[in-house]
Amino acid sequence: MRAQVLICPTITLRAYGHLCHTPRRLYRYGSSSQFLNLNLSRFSRRLLTSFFHMEQFQSGAGSSGKKSMVENLKRYGVISSKRVAQVMEHLDRGLFVPAGSSAYVDTPVPIGYNATISAPHMHATCLQLLEDKLQPGMRALDVGSGTGYLTGCFALMVGAEGRVVGVDHIPELVDMSIKNIEKSVAASLLTKGSLSLHVGDGRKGWQEFAPYDAIHVGAAASEIPQPLLDQLKPGGRMVIPLGTYFQELKVIDKSEDGSIKAHTETSVRYVPLTSREEQLGGF
């Protein structure tokens, strides 16, 4: 049975909105005009007060900013993996947010077209959940690739011998993501063809390079799209937010015999996984 949700004090409303507490996890509600995802399940109550000040860890630009971002995520217990820390410090998030945005603050950032780039802690969480399926030479699919940051992280983890595909149904975002990656340390992987970004309906996956060891979905679905399950390799893992207003980050594992097992990692709030037309409605 789900415990009653209790409203906690507001944390810098612009950045975090309202935090809500259950005995096992914390999560946030987005505003009506902008859905923002936040996963606080790794933070203890003892650290919650300190978390109120995390917005302040925007400490400079470039290498100093991303290093400070990663160090703070490690300090607050979000990052425990050395590989994840290295890739997030290596790929500069500042290249993947709109000009003037707070690149290294632990908050989602609007990127236009009724979409956001997730908060750094959410990227770290998904990278750690998928880490075993992002080994050199493996294949990964990023649905709702947005500005290309997480797609680039995947590419750095699987390397030139692997294959990473990003899919987004907003052509302007795909163009933006390609330009962003071309300016980053992942540029050579794009040139070599081991990383590619495409315009398409992510609910259908990207059959050309299937099956995938890892699939990440960056928007919330009411149910798991069957094409994504079909394109997940036996032994592979998918991370996908499920639900409408109340959402849970689900970890889907496909056994070698094709059977599916799922567990809930935490409660989250994402933009909905929908059609291009519905996403752009009113934009």
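Figure 1. On a 1 Å grid over the protein atoms alone, a cavity is a set of points where a 1.4 Å probe fits but cannot get out, and its lining residues have an atom within 4 Å of a point; grid points are joined across faces, edges and corners, and the volume is the space filled by probe spheres set on them. This is a predicted model, in which local features need pLDDT of at least 70 and side-chain atom pairs count only at pLDDT 80 or more, while totals for chains, interfaces and linings use all residues. Residues are numbered from 1 along each chain as its sequence is written, and side-chain values use heavy atoms, with hydrogens and water left out. The structure holds one cavity of 30 Å³ or more, and the volume of the largest cavity is about 400 Å³. Its lining is made up of 32 residues, and those that lie nearest the centre are Gly-144, Ser-145, Gly-146, Asp-168 and Gly-218. Two or more lining residues come from each of strand S5 (115–117), strand S6 (139–143), helix H6 (149–158) and strand S7 (163–168), where helices (H or I, at least four residues) and strands (E, at least two) are DSSP runs numbered from the N terminus. Among these elements, S5 gives the most, with three residues. Sorted by class, the lining of the largest cavity has 13 nonpolar residues (Ala, Val, Leu, Ile, Met, Phe, Trp, Tyr, Cys and Pro), four charged ones (Asp, Glu, Lys and Arg) and 15 polar ones (the others, Gly among them).

**Figure 2. The protein chain and the confidence of its prediction.** The protein chain contains 10 helices and 12 strands, and of its 283 residues 56% count as buried, a word used for residues under 20% relative accessible area, with exposed for those over 50% and partly exposed for those in between (1.4 Å probe, protein chains only). Of the contacts (heavy atoms within 4.5 Å) with a separation of 6 or more in the protein chain, 58% are between residues 24 or more positions apart. Where pLDDT is low, the predicted coordinates should not be read in detail.

Figure 3. Helix H5 (residues 120–130) is mostly covered, since 11 of its 11 residues are buried. The buried residues of H5 include Pro-120, His-121, Met-122, Cys-126 and Leu-130. Cys-126 has a relative accessible area of 1% and is therefore buried, and Cys-153 counts as buried because its relative accessibility is 0%. When a disulfide is taken as a pair of cysteine sulfur atoms within 2.5 Å, the count for the model comes to zero.

**Figure 4. Leu-141 in strand S6.** Leu-141 is found in strand S6, and it counts as buried because its relative accessibility is 0%. Leaving out residues up to four places away in sequence, Leu-141 touches several residues, including Phe-154, Val-165, Val-167, Trp-206, Ala-214 and Leu-228. From C-alpha to C-alpha, Leu-141 and Ala-214 are 6.4 Å apart in space, while 73 residues apart in sequence.

**Figure 5. Backbone geometry at Tyr-113, Asn-114 and Pro-211****.** Most residues other than glycine have a negative phi, and most peptide bonds are trans. Tyr-113, which is not a glycine, has a positive phi of about 60°, and the place of Tyr-113 is in the loop between strand S4 (109–112) and S5. Asn-114 is not a glycine either, yet it has a positive phi of about 55°, and Asn-114 also lies in the loop between S4 and S5. With a relative accessible area of 38%, Asn-114 is partly exposed. Ala-210 and Pro-211 are joined by a cis peptide bond with omega of about 5°, and Pro-211 lies in the loop between strand S8 (195–199) and S9.

**Figure 6. Two loop residues, Ile-224 and Tyr-104****.** Ile-224 sits in the loop between strand S9 (212–217) and helix H9 (226–231). Apart from neighbours within four places in sequence, Ile-224 is in contact with Leu-229, Met-238, Ile-240, Leu-242 and Ile-252, and its C-alpha atom is separated by 7.8 Å from that of Ile-240, 16 residues apart along the chain. Tyr-104 is found in the loop between helix H4 (82–90) and S4, and it counts as buried because its relative accessibility is 4%.

Conventions
1 Å grid on protein atoms, 1.4 Å probe; cavity = no way out; pocket = protein on both sides within 12 Å on 5 of 7 lines; lining within 4 Å.
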